[in-house]
Amino acid sequence: METKKVVKIFNRTIKSKQIHECVLFVENMNGDFSYKYEYGGKNIDSPLLMASITKLFTTTCILILREQGKLSLDDKVTSFFDNRTLSGIHEYKGQEYSSKLTISNLLFQTSGLPDAYEESKNNLKKRVLHEDVHINFDEMITLTKQLKPHFAPDTMKRAHYADVNFNILGEIIETITNSSLEDVYKSLIYKPLGLVKTYLPKSEHDFIPSIYYKENAISRPKFIKSCRASGGGISTARELMIFIKAFFGGKLFKKDVFHQLGKYNKLQTSMCPIQYGGGYMRIPLNGLSTLFMGNGELIGHSGSTGSFAFYFPDKSLFLVGDVNQLANPALPIRLAMRLAISIK
């Protein structure tokens, strides 16, 4: 691998006016190839907001519980809740699909449910930019019920990215284990992997990093704490590297499940070129978005705050980092793609 190219891409990234701090960590599976790049006081041991990379932790718990025989991906979602909670959450063209939703629909983002964060009538996204708000699970479900689903579950050969899918999965994990999501993450992921700086914040004393929105660093602890299973995790680049290797390397659950999970659907146009499989993203590198210059794929996840954790199977490399910028969610995707294409 030509590290000069990686340095060039990193330096070009940090020259952007939008980037105030940045960390990049590149490693192969056994760690004998390892490079780190740090800027603006951020290093590989600095706390970073995982945002939607947290979904990989939720996916891990679902897959481990499946291996333990405690759930099936075909299980109906409503069987884990009382009748009222999800009733009416999915009504499409006069048909009620709420009781037909499965764990698989949530994991693959093929439920058709709308994303209240992006689509809610009172514009939750804008509200969060102006003030710190806590949205509990019931409120998120209420907001979702006020919006129209995009399609009937599993009918369109496409996916629609919506945090509520993973918020519901988080509740299912808690119901099955009779434990808090924080404790389940701890016992199934942190302890086996020796992660000591990765956590889901739950008290006011838990440190939550600030997020940059354009030029301003903003603090949103209440909102981050309410994201939980869909985007509330904190980690470091070093620990994220340990986790992403374990996720794709068979240390947390059996690798052969990827034969089932690797069925990808295109997400909504605003998220092009990202596709979604069973609980993780796929970015093809040989399409129009790369002017057909790349090969292979990146699999893993990015977060809307600028975090990313991807595996590049073609070169057996892992790319982890954070550009910490909420105003442009495409930044971490573009950086990861540029890196992968430059690696010969």
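**The overall picture**

Keep in mind that this is a predicted model. The protein has 13 helices and 14 strands. Its C-alpha atoms fill a box of roughly 60 × 45 × 40 Å along the principal axes. A compact globule with 344 residues would have a radius of gyration near 20 Å, and the 19 Å found here agrees with that. Of the 344 residues, 58% count as buried. Looking at contacts with a separation of 6 or more, 67% of them come from residues 24 or more positions apart.

Nonpolar side chains tend to be buried together in soluble globular proteins. Here, the largest nonpolar core has 116 residues, and I168, Y185, I189, F243, F248 and L298 have the most contacts inside it. Helix α11 (residues 237-249) provides the largest share of this core, with eight residues. What does F243 touch, leaving aside its neighbours within four places in sequence? F243 is in contact with L56, F57, T60, I189, L193, L195 and L252.

**The sheet and its hairpins**

Eight strands make an open sheet in the order β2-β1-β14-β13-β12-β11-β10-β9, with antiparallel pairing. At the edges stand β2 (34-39) and β9 (265-266); each has a single partner strand, so one side of each is left without a neighbour in the sheet.

Strand β13 (residues 307-312) has β12 (residues 297-302) as an antiparallel partner, and β14 (residues 317-322) as another.

| Hairpin | Bridges | Positive phi |
|---|---|---|
| β12 and β13 | four bridges | G306, about 110° |
| β13 and β14 | six bridges | S316, near 50° |

Each hairpin has four residues between its strands, both for β12 and β13 and for β13 and β14. F308 of β13 stands opposite S302 and also opposite G321 in β14. A309 has V320 in β14 as its bridge partner.

In a regular strand the side chains alternate between the two faces of the sheet.

**Helix α7**

In helix α7 (residues 137-145), the buried residues are F137, M140, I141, L143 and T144. Viewed down the axis of α7, they fall within an arc of 160°, so they line one face of the helix. Residues three or four places apart point the same way because an α-helix has 3.6 residues a turn. The cover over the buried residues of α7 includes α3 (83-86), α5 (116-119), α6 (124-130) and α8 (163-177).

L101 sits in the loop between β5 (95-96) and α4 (103-107). Why does L101 count as buried? The relative accessibility of L101 is 2%, and the cut-off for buried is under 20%. Beyond its neighbours within four places in sequence, L101 is in contact with D75, K76, V77, I89, H90, S111, L113 and P153. L101 and H90 are 11 residues apart in sequence, with their C-alpha atoms 8.6 Å apart in space.

S104 lies in helix α4 itself. S104 is buried too, with a relative accessible area of 17%. Not counting residues up to four places away in sequence, S104 touches L73 and T110.

Definitions and conventions
Residues are numbered from 1 along each chain as its sequence is written. This is a predicted model: local features need pLDDT of at least 70, side-chain atom pairs count only at pLDDT 80 or more; totals for chains, interfaces and linings use all residues. Side-chain values use heavy atoms; hydrogens and water are left out. Buried means under 20% relative accessible area, exposed over 50%, partly exposed in between (1.4 Å probe, protein chains only). Helices (H or I, at least four residues) and strands (E, at least two) are DSSP runs, numbered from the N terminus. The arc is that of the directions from the helix axis to the C-beta atoms. Contact means heavy atoms within 4.5 Å. A nonpolar core is a set of buried Ala, Val, Leu, Ile, Met, Phe, Trp, Tyr and Cys residues joined through side-chain atoms within 4.5 Å. Two strands pair if DSSP finds at least two bridges between them. The radius of gyration is taken over C-alpha atoms; the globule rule is 2.2 Å times the number of residues to the power 0.38.
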